[in-house]
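Hi,

Here is the structure I promised to pass on to you.

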Amino acid sequence: MTETVLEATGLGKRYRRRWALRDCSLAVPAGRVVALVGPNGAGKTTLLHLAAGLLAPTAGTVRVLGSPAGHERGRVAFLAQDKPLYETFTVADMLRFGRRMNPVWDDGFARARLAGLDIPLDHRTGRLSGGQQAQVALTVALAKRPDLLLLDEPMANLDPLARHEVMRDLMAVVADTGLTVLLSSHVVSDLENTCDWLVVVNRGRVQVSGDIEDLLGAHHLLSGPAELAGAVASRLAVVEDDRTDRQATLLVRATDGLPALDPRWHVRPVALEELVLSYLRQPESAALPRLVMAGAAPTDPVPFP
Amino acid sequence: MIDFRLDKGSGVATYLQLVHQVKQALRLGVLHAGDRLPTAKDVVAKLAINPNTVLKAYRELEREGLVTARPGLGTFVERSLGTASLVDHARLRRELGRVVREGRAAGLDDEDLRALFTSVLTDSFREETA
Amino acid sequence: MLWLVWRQHRLPVLVTSVLLLAFGTVLLVHGLRTVDLTAGLAAGSEELDALLDRRFHDLYLFFNWLPLVPALAGLFLGAPVLAREHETGTAALAWTQSVSPRRWVVTKLLVLGTVVTLCGLALGAMLNAWLGTLDELGQGNRFALVPLFGGSGVVSGAWWLFSFVMGVAAGTVLRRTVPAMAVALAAYVVAFVVIVSPIVDFRDMYAEPTRVVQDSPADARPAGSVSAGSDWLDPDGRTVDSDMYPVASAAGCPDEGPQFDYSPCLFTKGYRMAVEFYPPTMYWRFQWTETAILTGVALAVGGLVVWSARRPTGGRR
């Protein structure tokens, strides 16, 4: 399962004068549940649309399942943020749509899932609640039996119960089929237990991409006297440096383990949300550890100049 | 069958929570040798967590010799915990009591002792998992 | 794919079919009644002419609206095809399935284009059949009268197809149904004005007119001809002017004002009139020429729509 499902090299997309995404290089291995995090307007949707083949890149390339994006349509499913459905179609019509538009279609799965969610097949999709519409849209996406599922803000507009149901079913499919999921969100807490790969996009650039556990293991929060901070900064990559005249709190990245430090430092592990926030606050920091594929220069651990 | 639960506010890694819960169940006799643990899909479908987390917890339990994975069949409990440790339990309790008394003598109050205990726990936990 | 096209567009297709059926029924009943009424009346008799004229004018007012009918194909069938997908966000659903966006667009264009063309052809055939009951009238109305020329024969189908493709193209560019409808309507009106109005005389390019030089006021043109102009020739055979009044002044006819018919005076003075016209036998040639032009434009624009479907959501959001 070391196959690369999504691979972007120097990927960029410009809308008129504004770059929505630029210089994006990342590789996502198969079977991962990838959290694509970043503030609104950071370029998450653009990246997903590029991967889905709905947009053509302005610069660079994006390869999905080994082919240029848009070539393996049957094996990639995409669920846009507003979870679009044909409003005048009944739920059954939507399933028929999926069956007619895809050579591989698991109708039994789709019907069982909708039955389990108590969504009647004879209702028009326009009459369903927002949560039910999202579930129907997700069902259509999953019944294609894709190898890669792209979800743009799947949790937006869902109540907590629906969120849990969506995630639960998604994780069950991942356990079952080894599906790779790439989902965007600006709420990190949604993703804490479900995702195992993190991609942080900020201001059109990919800032972090890596295995969540590795990332959490490599980052440490140091707090201690301010006068010691300079020495640490010279030895370790400092992501965020928060200082008063007496005290310093540093988020450091030590990919090869933390070296021996002055005992006055208090070291504690970092939580996912803290890690993400620190990077987002420091757009010039980057962590792209060892997943930049051949061809692109590894950028770790040097921060952007 | 064991019923996993998550404590999201605890700050303990999810896979460790699963490991602890299996161990707890072994100690309390909820799980016996030969029992099958729920499949990753079952756990995932209930807790909405990443399946790799479950697999990681099971690998950890396997590493500790508590369970064995039989390909195609599932993960089975190898041995139970707890019965043999009753003696240990009494001894540890005595030792902790001694530490607490020494702490009081040194001027620590309950709050201080609790903080100290938690900090030692966290540190040793970090050493184990590092 | 066929099922999807039907499921998404069945409403306008059904409405169009019902309307065509209703219109056809009216024409059929009216035409059969005309046949009944004219039975036994002698050809060329005044009685028959009057009757046919009355029968024709029963429905003629209605025919003035015929040129608008193909526009509806662009508005209600063409414009929504892509604009609605963008508007409702379903483009992201439709074009991430296994069927490629290009195949999706080609199928929609082919299927709906065929349906629309068939509707137009059906209307043209029905109108031709109805006009057939009045042919005794000898006016060849379907050629000379603008609404009837466009609404009858094969060109009817071409106008429908043209309008439909313009609607689709407008929707592709604008991505909003209502503006796309407006642009489709505008494109149709522009094409209609260019081709039909006497300002451009576009149709005069379809064929060389027949030219007849006459030396008496009797009309030399067969009934139902389309006029393509006339010129006065002086006794030496040189073309003078198309306007009668200055010619009459130059010829020395007594001045009776600009509205007066000076032709008897001019003819007696040796002036002749060159008349250019298209005889009614040119009807089918005009029909096919206009059909070829409209279909050609429709195919070219349709090709652009298909070409642009490689990356359906393009560079904009």
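Below is what I found, chain by chain and then at one of the contacts.

Please keep in mind that this is a predicted model.

Let me start with chain B. This chain holds three strands and five helices, and their order along the sequence is α-β-α-α-β-β-α-α. Along the principal axes, the C-alpha atoms of chain B occupy a box of roughly 60 × 30 × 25 Å. Of the 130 residues in chain B, 23% are buried. If you take the contacts in chain B with a separation of 6 or more, 57% of them join residues 24 or more positions apart.

For chain A, there is an annotation to report. The UniProt record, an unreviewed entry, puts the feature "domain: ABC transporter" at residues 6-228 of chain A. In the model, that stretch of chain A is 31% strand and 30% helix, with 42 Å between its end C-alpha atoms.

Finally, the contact between chains A and C. Chain A contributes 23 residues to this contact and chain C contributes 21. On the chain C side, the elements that give two or more residues are helix 1 (2-38) and helix 5 (91-94). Helix 1 of chain C gives the most, with three residues. By type, the chain C residues that touch chain A split into nine polar, eight nonpolar and four charged.

Best wishes

Technical notes
Residues numbered from 1 in each chain as written. Chains lettered and ligands numbered in written order. Predicted model: local features only at pLDDT ≥ 70, side-chain atom pairs only at ≥ 80, totals over all residues. Helix = DSSP H or I, 4+ residues; strand = E, 2+ residues; numbered from the N terminus. Buried ≥ 20, exposed ≤ 12 C-beta atoms within 10 Å, placed from the backbone. Contact = placed C-beta atoms within 7 Å. UniProt positions renumbered as here; feature names shortened; annotations may be inferred. Nonpolar A, V, L, I, M, F, W, Y, C, P; charged D, E, K, R; others polar.
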